Amino acid sequence: MSADGSPFFEADPYDYLRRQVMTDRSHVSIETLEKAFELLITHVRETKGSSLLLEKDYYWAIPPEQLYDVYHQPSRLTIGQLSECLDHLQAMIDAPTGTVSYGLVWLGDLLRATGHLLVE
């Protein structure tokens, strides 16, 4: 509750976040990412089999410079497409020498959609 007894957030909902002790950086072990991915992809395979039907193709995307700026509401939403992410990843698999780091973003978009599918 705020000082005036109103629910959790004050007039500026981001004021609460500004007052929190937050770190801008976190160290992430690649080994932890690998183990988590292996565990989760095994769970997906055991739950859904060897392929998934993602019934929704388009999603809202927030540009990276706004995605991680929790102090300001995003002002530039764009539209992403899961089938396009999949096409890009397939092209990387077909020509691994052309692998690009942005593949992690495409994979992340597909993994997010997979997670949403499993928890519905």
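Biologist: Which element gives the most to the lining of the second largest pocket?

Modeller: Helix 5 does, with 9 residues. Helices are DSSP runs of H or I with at least four residues, strands are runs of E with at least two, and both are numbered from the N terminus. This is a predicted model: local features need pLDDT of at least 70, side-chain atom pairs count only at pLDDT 80 or more, and totals for chains, interfaces and linings use all residues. Residues are numbered from 1 along each chain as its sequence is written, and side-chain values use heavy atoms, without hydrogens and water.

Biologist: What makes this space a pocket rather than a cavity?

Modeller: It is open. On a 1 Å grid over the protein atoms alone, a cavity is a set of points where a 1.4 Å probe fits but cannot get out, whereas a pocket is an open set with protein on both sides within 12 Å along at least five of seven lines. The second largest pocket holds about 860 Å³, counted as the space filled by probe spheres set on grid points joined across faces, edges and corners.

Biologist: Which of its lining residues are closest to the centre?

Modeller: Y59, W60, L82, D109 and R112, out of 31. A lining residue has an atom within 4 Å of a point. Strand 1 (58-61), helix 3 (64-67), strand 2 (78-81), helix 4 and helix 5 each give two or more residues.

Biologist: How does that lining divide by class?

Modeller: Into 19 nonpolar, 6 polar and 6 charged. Ala, Val, Leu, Ile, Met, Phe, Trp, Tyr, Cys and Pro count as nonpolar, Asp, Glu, Lys and Arg as charged, and the others, Gly among them, as polar.

Biologist: How much space lies in the largest pocket?

Modeller: About 1,000 Å³. Its 29 lining residues include F37, I41, L107, L110 and L111, the closest to the centre. Helix 2 (30-48), helix 4 (82-94) and helix 5 (103-119) each give two or more. Helix 2 has the largest share, 10 residues.

Biologist: Why are helix 4 and helix 5 called oblique?

Modeller: Their angle is about 130°, with the axes 9 Å apart. Axes are lines fitted to C-alpha atoms over the stretch in contact, and angles run from 0 to 180 degrees between N-to-C directions. Under 35 degrees is roughly parallel, over 145 roughly antiparallel, 65 to 115 roughly perpendicular and the rest oblique. So helix 4 and helix 5 are oblique.

Biologist: Which residues meet there?

Modeller: L82, C85, L86, H88, L89 and M92 of helix 4 meet G103, W106, L107, D109, L110 and A113 of helix 5. Contact means heavy atoms within 4.5 Å. By class, that contact has 9 nonpolar, 2 polar and 1 charged.

Biologist: Where does Q81 lie?

Modeller: In strand 2. Q81 touches D57, Y58 and Y59, leaving out residues up to four places away in sequence. Q81 and K56 are 25 residues apart in sequence, yet 8.9 Å apart in space, C-alpha to C-alpha.
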